[in-house]
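Open your viewer and get ready to click along. We will go from one selection to the next, with a short note on what to look for at each stop.

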Amino acid sequence: MKTIYKCEICGKEFSDWEECSKHEKTCKEIHATGLRLAEQLNDTVKAADERGGCEVGICVGADDTIYRFIGAEYSAKERLVVLDVDTDDNLGRKRGGASNGNN
């Protein structure tokens, strides 16, 4: 049985561990910004909840309904940071109230 090694970043498969390890190091460098952004978003949301009792919401769609932000992940294949929202747990509010001037 042949062992297959898979890059943890992009999912590319290799038959040789050294080749996979080399590729993965390069892959991490290429995708560092997206990986770091997703990690920072997740850390910020966690800190807001733990230290300040503050939730993070995302306004989605034309009706301005705010949904709870639950995390971010990076897709190396698409070179895209994907924001996950809980569409079953809308915060029951429309955009309005306090503002930082961006809405």
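Start by selecting helix α1, residues 17–30; helices here are DSSP runs of H or I with at least four residues, strands are runs of E with at least two, and both are numbered from the N terminus. The 14 residues of α1 should span 20 Å at 1.5 Å a residue, and its end C-alpha atoms are 20 Å apart, so the two agree. That expected span is 1.5 Å times one less than the number of residues.

A word on what you are viewing: this is a predicted model, in which local features need pLDDT of at least 70 and side-chain atom pairs count only at pLDDT 80 or more, while totals for chains, interfaces and linings use all residues. Residues are numbered from 1 along each chain as its sequence is written, and side-chain values use heavy atoms, with hydrogens and water left out.

Next, show the side chains of C20, E24 and C27, the buried residues of α1. Buried means under 20% relative accessible area, exposed over 50%, and partly exposed in between, with a 1.4 Å probe and protein chains only. These residues cover an arc of only 65 degrees around the axis, which puts them on the same side of α1; the arc is taken from the directions from the helix axis to the C-beta atoms. Turn to the other side of α1 and you will find E18, K22, K25 and E29 exposed.

Now zoom in on E24. Which side chain of opposite charge is nearest to E24? It is K28, 4.3 Å away, and buried E24 has no salt bridge (a side-chain nitrogen of Lys or Arg within 4 Å of a carboxyl oxygen of Asp or Glu). Instead, look at the backbone nitrogen of E8, which lies 2.6 Å from a polar atom of the E24 side chain. Leaving out residues up to four places away in sequence, E24 touches K6, C7, E8 and I9, where contact means heavy atoms within 4.5 Å.

For a salt bridge, select E55 and R68, whose side chains meet at 1.9 Å, N to O. The pair links distant parts of the chain, 13 residues apart: E55 in the loop between α2 (32–52) and β3 (57–60), and R68 in strand β4 (residues 65–75). E55 counts as partly exposed, at 45% relative accessibility.

Finish at H31, in the loop between α1 and α2. H31 is buried, with a relative accessible area of 5%.

Key. Lys and Arg count as positive and Asp and Glu as negative; His and the chain ends are not counted. A polar contact is a pair of N or O atoms within 3.5 Å; within protein, one must be able to donate a hydrogen and the other to accept it, and residues adjacent in sequence count only if both atoms are side-chain atoms.
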